[in-house]
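Dear colleague,

Please find below the structure that I am handing over to you. My notes on it follow directly after.

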Amino acid sequence: MMSEQINDQKVKSLFADLTNIVAESGMANQSKQFADAMRELPYKNDLSKIKFRISYTPGVDRSFFEQATAWITGAALVPGETAEKSAHAGDALAVFEIAPFENITATQLGDAGPVVFFGIIGASDLADPDFADKLLAYSSVHPYIILLSETGIAADTLKPGDHIGGVLHVENYTLATLPSTSFIGRLDHPEFLHKMHNLVHYNALNSIESLYNVFSMLLEQENRLLTGRKATIGQQGPKPGGGSAGSVGETILKLRNELTEQMAMLEKGLADGFENYLRPQTGQLSQVTDRLLADLPELAQSEKTKTISLHIPEQYVNFFLDGVFGEINKFCEDQLITIRDAFKLTQQDLERRIEKEGLPQVPFNFKPLTDKQLSVIMNSSIRIDKIYEGALPKQGPLEYFNALKSYQAMLYLFASSLGLSYFEKARYITIPAAIVLIGICIYYIHKSVVQEYREAGEKEYLKAKENLTNEAKRMGGEIARQWNKVVTDQIKMQLTQNSNTLDFTLKEFGSKKQHEAEDEKRRLEKISQSFEVQEKKIAAGLKAKESFHRNFIRVRADLRQSVAIQLKKADR
Amino acid sequence: MRAGIDLGTTFSLISNLESDGTPVLMPDSMFNDIYSTPSTVNISNKCASVGYLVDTLIEQNPELPVIRFFKRNFGVNQPIFIDSASNSWYPDSVAALVLKKLKNDAESYTGSKLESAVITVPAHFNDLQRKSVLNAAAMADIPVLGLVEEPVAAALHYGIAHHSRDQVLVVYDLGGGTFDATVLSMDANGVYVLAKDGLTEMGGKEFDEAISAMILDQFKKATGFHLPINGLTSLQLRRISEEIKIELSLPSKAFLKKAILIGNNAFEIMIYRKEFEQAIRQMIEQTVEVTLRCIDGAGLRESDIDALMLVGGSAMIPYIKDRLSKVITNADNKIFLHEPMKAVAMGAAIHSAQLSGDAERYDIPLEFRGVTGYNIGIQTLNPQTRKPETDCLIKKNMPLPSKAVRTYYTSTATQTRMVLQLVQYVDLQSEIINIGELVIGPLPNPRINYPVEVTVENTGDGTVKVAAYDPNTGVELQQVFGEDKLMSGNNLLAQRNLVRKTVIANLN
């Protein structure tokens, strides 16, 4: 009785230890079945009711079954009719669960199970090649086995000690070898009952082991989860590049520089373009002006008193202005398209870079120049400032008279030759010759006068062309100056506005990020602290678990040994 | 560095040769004491987690979407996963992520760049499946020295490790998801495959599922309700089933009593080995049948077999050895397990030395000869019966590389193209696998009876190459092969970019 109480205390103490360890580790409610089992175990160690199991071969000989059950329970039972039979065993109640043989499957945690297993074995079970395995499985959960077979089974079918925590004692009978004292009769002996009580403790102890195993798994799972959380928590922090305020500042600087560079390149590109456009002779404007001037008609004339005044026909002037207007306007419109496209590309490029850096989108707003600004410049600049005005001397006797001056000597020579005495005898020759020569002279005078007149006209024509060329250049230059200024102002304005937007948005984001990073840091610190607490709890749990297990092994070994020794005499 | 990669259904491994030629496995860069990577992938936000990291993530988020067993989808040109950014992922590209992870592991372990690799494939993989593996390697930027069949790789490792010479060996390779039987002859000069056969959906996955079904059944009996299944419980169930399978593989265990924890459900189960064997008996019988068919395919009798080598984690189940010893009685005492988990990867590393010309340096046998795994033919339509007929060009179990030439003729004067269906099959009664359409043309001078000479080659790594010529001029004709079956062109490029842009998560 003394040892029984000691054993009871040992088991209860072990269970209390496990309960404490589980409570301290915080694992108690991780599994419902585990929690239930932890709560229920003390009640299962109840000695007022001792459970036994009787398993039988379905189809076993009825008479054999009746005799076997009579020896076990004190009452001859019929196979399949009774599932449970109770009988008094001293102060306790002996409860026999009766069921056909079947494979033992899942059991509830902490379920200590019956202390004695009775196998009523018929001939068909002995013929089953898997029967030995089935019995072996029973022996893993019952510490005391009594086999009753119709024909007898080999003595070594089951051996005590096949399983740690399993069978401790096996008795093997046929009807012929059954002991005279029935099993229920044995229970009347306090000494035997005391052994049964120790078996209850032993079974309870074994059921603690499964709880211990689950607790180990829970700890292991928690430890794995914690390791995983610790490992992955770092990955949830700010993303590289787009994360810290410092990196945002660097990104802003880089993007600003890039934006400034791109705008400067655009500005320079446009100015260079206009310069090339205006380049004398090779520039596009010059070529177009030349083409337009190729169509310049003869200059219009109007007679004055002494001269003929020359001017460019008004119709042509309008045609020329239209041509120059169209040409420069087209060039500037192309630049408008270039500016619009460059703004768009710059914006897209910046947005792509920002996205790549993991930063929020910046609401860039690049406003391109409008046609209106261009047309104001064009309309104010396309005009002729100084139109060509020329004059030719009027053609008349005076021109001939003037021209005659050049031929004066020759004419005198020829005219005087008419009266030369030497030739008086040959007047019929000299007179016609003089007349012919004078005629020739007059012809050349006339020709010279006409040619000079034409040459003067051509000079005036060229002057008119030059005048228009210069006017075109002037208009181009004037437009270029105004246009470049407008373009530069616009680009600078866009640069300033969008840089500010970039600054504002990203700095705001950066500061938000910084706050977030600080919050995140605080959160991570908190998590890290909670991890440390958990880690300590788990480590303590693991340590306590190991110590518990060492104790458990020792207590079980002691109990196992003492119960085994007691049971050796059980059948006596 | 050159490596051997075992791209498995459930686990993948990478190995290389040490300076003395000894093959060694390279560890996971995150878990340094682990030498295998579960072939599981999670893809989220341009980042892929591969292997044990996925298990860690599932424990934190049971609903995490995980891609497993993608190897079983090789050769099927269909997406198996759509990520949150609506990108479609094909088996090839998911495999590429696993390869990329193994490459990272190897490079981080050795500190040198992975120059090239030999990748293992199940012996019974068809052309499409092998090309899927090559696609995956290309996407992972791993230059492939060659493909080697898993049983052959294991045999190579066995041959080197045991200096085993002059014998006829059957390799019974039962891995996580596939089964291969291969008959080889080995001598001092090398390894020669005589015949091979296999099953696609057969392996540890099925056995684990059998145990899982037992556990679920017991849970229902014990509690009266069904075990709720989510990502986490499914992972735990798989883990426990695998543990139980391994424990039951110990010869002394007739049953197993075990406390288990699935989700928040804890209970004690009792699994009987006999019950487990009963559950997998049909599957094992199939593998035995295929093994015997393979021996027969090599023109041998069971009595000709000198030894039977068991490879692959699932081959450790004692019932398999028992069953095989009953049918291959001659090799009864020579049925043995050889590094069931590692031999394939290490054999692949040995083969990489063979292919790169380092074999002599490491005293590795130089010769290696494989055989065709399938009959290769062209399916044509019989003009009289209007029924498809298969014209066999290369027979099964012919030495590799194997080449066949056949001339086909146009049937009408206006026919400018010729379309031929290439097929692989074990026999005409079983499944005929269409490995792609060969479209020849436009033909330069279309006319009736225009001859087109078709050359079909089963290359050293088991893939199929085709070419078409005009036999009169010897000029190669324009042709396209397999575009209907395999990932190609823009899709291949897009998948390659997708893999390149996807970062492999590394907690370090």
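The notes below cover the domains, the interfaces and a group of strands.

This is a predicted model, in which local features need pLDDT of at least 70, side-chain atom pairs count only at pLDDT 80 or more, and totals for chains, interfaces and linings use all residues. Residues are numbered from 1 along each chain as its sequence is written, chains are lettered from A and ligands numbered from 1 in the order in which they are written, and side-chain values use heavy atoms, with hydrogens and water left out.

Domains

Chain A is divided into domain 1 (2–229) and domain 2 (245–394 + 465–549); such bounds come from an automatic or database domain assignment. The C-alpha centres of domain 1 of chain A and domain 2 of chain A are 92 Å apart. Their contact (heavy atoms within 4.5 Å) takes 16 residues from domain 1 of chain A and 11 residues from domain 2 of chain A.

Chain B is assigned domain 1 (2–162 + 341–368), domain 2 (204–276) and domain 3 (375–491). Between the C-alpha centres of domain 2 of chain B and domain 3 of chain B there are 50 Å.

Domain 1 of chain A and domain 2 of chain A bury about 1300 Å² between them, with 76% of it on carbon and sulfur atoms. Buried area here is the accessible area (1.4 Å probe) that two parts lose on being put together, summed over both. On the side of domain 1 of chain A, the residues that lose the most area to domain 2 of chain A are A:Tyr212, A:Leu219 and A:Leu226, together 44% of what that side buries.

Between these two domains of chain A the count is zero salt bridges, a salt bridge being a side-chain nitrogen of Lys or Arg within 4 Å of a carboxyl oxygen of Asp or Glu. Helices α1 (2–25) and α7 (190–233) of chain A each supply at least two residues of the side of domain 1 of chain A that touches domain 2 of chain A. Helices (H or I, at least four residues) and strands (E, at least two) are DSSP runs, numbered from the N terminus. The largest share of that side, 10 residues, comes from α7(A).

The interface between the chains

The contact between the chains takes 31 residues from chain A and 33 residues from chain B. The area buried between chain A and chain B is about 2700 Å², of which 57% comes from carbon and sulfur atoms. One salt bridge is counted between chain A and chain B: the side chains of A:Arg224 and B:Glu59 meet at 3.0 Å, N to O. On the side of chain A that touches chain B, α2 (32–44), α5 (131–141) and α7 of chain A each supply at least two residues. Here too α7(A) gives the largest share, 12 residues.

Strands of chain A

Strand β1 (residues 49–56) of chain A and strand β3 (residues 92–100) of chain A pair in the parallel sense over eight bridges; two strands pair if DSSP finds at least two bridges between them. In this pairing A:Ile50 stands opposite A:Ala94 in β3(A). Strand β2 (residues 84–89) of chain A pairs with β3(A) in the antiparallel sense over six bridges, and A:Ser86 stands opposite A:Val95 in β3(A). β2(A) and β3(A) form a hairpin with two residues between them, and A:Gly90 in the turn has a positive phi of about 65°.

With kind regards
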